[in-house]
Amino acid sequence: MVDNQEYHDLKKWFEETADERCEDMSAFFDSRISGYEEHMSFWNEHYRRVAELVPENARTLLDLGCGTGLELDRIFERLPGIRVTAIDLCESMLDELLKKHGHRSLEVIRDDYFLHDFGENRFDVAVSVESLHHFTAEKKAGLFKKVYHALKPNGIYIECDYIASIPEIETLAFEECRRRRERDGIPDGRYIHFDTPLTLEHELEAMREGGFDDAALVENIKGTPIIVATKRGV
Ligand SMILES: C[S@@+](CC[C@H](N)C(=O)[O-])C[C@H]1O[C@@H](n2cnc3c(N)ncnc32)[C@H](O)[C@@H]1O
């Protein structure tokens, strides 16, 4: 018997929604674009804190899963001249981002961050907020490796994301995700919107596998951690 209220709430919610069909990742956000920013206002403090962690002398920044740019709103407020490359799968989210920040030094890429080539030694900072909690540790480790290479020496990666507070939550979510994918005949490699957070320990392990051997929790706001990792100087 797992002694954790969050686990039991999640289990109950999975039971209540057991018949819901899997939703494609991009279509999920497309259909919720109108209320999206209001829905995400719970994380306002996190966006502000992520922006504060971007060093003042940063010139170039990569945003993985930028959405409508809620973290970028705060980052541009602090550093209006920063050059941003922002990647997301979902066109409607990127359209909203461009409405707000199209006049900035902003390159918008509609692509899968697992497939996109970010190049080498290009960015002072990379950030990812509330985007990576749908993927396995193995997939994330591959992405972290690419991010590590794309950063300049001493560049930093800042991640703020949903984390499983106990290993049983991680296992439960991955099992339910697998069950729904199989039931709906979703082929491997196709992304659906279903939260499968890793524990903090597993998230940090994936970052270390990607090359970030100093990845560490710097803050936990309302149960959501902010992790910072640095690319070793050469
Ligand atoms: C909850 S939103 C977060 C957006 C933004 N960072 C924020 O906090 O408001 C997650 C975003 O990640 C994007 N996303 C998910 N998987 C992705 C992938 N493999 N490649 C690029 N973007 C992805 C989704 O399209 C969505 O816009």
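Two residues are taken to be in contact if their C-beta atoms, placed from the backbone, lie within 7 Å. By this criterion, and leaving aside neighbours within four places in sequence, A126 is in contact with L62, L64, V147, A150, L151 and Y157. The model is predicted: local features need pLDDT of at least 70, side-chain atom pairs count only at pLDDT 80 or more, and totals for chains, interfaces and linings use all residues. Residues are numbered from 1 along each chain as its sequence is written.

A126 belongs to the largest nonpolar core, which has 44 residues. A nonpolar core is a set of buried Ala, Val, Leu, Ile, Met, Phe, Trp, Tyr and Cys residues joined through C-beta atoms within 7 Å. A residue is buried if 20 or more other C-beta atoms lie within 10 Å of its own, exposed if 12 or fewer, and partly exposed in between; C-beta atoms are again placed from the backbone. Within the largest core, L61, A86, V125, A126, V147 and Y157 touch the most other members. Another core, of 5 residues, lies apart from it and includes I163, A164, I169 and L198.

The chain contains 9 helices and 7 strands. Helices (H or I, at least four residues) and strands (E, at least two) are DSSP runs, numbered from the N terminus. The radius of gyration is 17 Å, close to the 17 Å that the globule rule gives for 234 residues, so the chain is as compact as a globular protein of that length. This radius is taken over C-alpha atoms, and the rule is 2.2 Å times the number of residues to the power 0.38. Along its principal axes, the C-alpha trace spans about 50 × 35 × 30 Å. Buried residues make up 32% of the 234 residues. Of the contacts with a separation of 6 or more, 73% are between residues 24 or more positions apart.

In helix 9 (residues 200-209), E203, L204, A206 and M207 are buried. Seen down the helix axis, these residues fall within an arc of 155°, so they line one face of the helix. The arc is that of the directions from the helix axis to the C-beta atoms. The buried residues pack against helix 7 (137-150) and strand 7 (224-230). H202, also in helix 9, is partly exposed, with 17 C-beta neighbours inside 10 Å. Beyond four places in sequence, H202 is in contact with A137 and E170. Helix 9 is followed by G211, whose phi is positive, near 120°.

P197 is in the loop between helix 8 and helix 9. It counts as buried, with 20 C-beta neighbours inside 10 Å. Not counting residues up to four places away in sequence, P197 touches H133, Y162, I163, A164, E170 and A173. R183 lies in helix 8 (residues 167-184) and is exposed, with 12 other C-beta atoms within 10 Å.

Most residues other than glycine have a negative phi. N121 has a positive phi of about 50° although it is not a glycine. N121 sits in the loop between strand 3 (106-110) and strand 4 (123-129). N154, likewise not a glycine, has a positive phi of about 70° and lies in strand 5 (residues 151-160). N121 is exposed, with 12 other C-beta atoms within 10 Å. N154 is exposed, with 12 other C-beta atoms within 10 Å.
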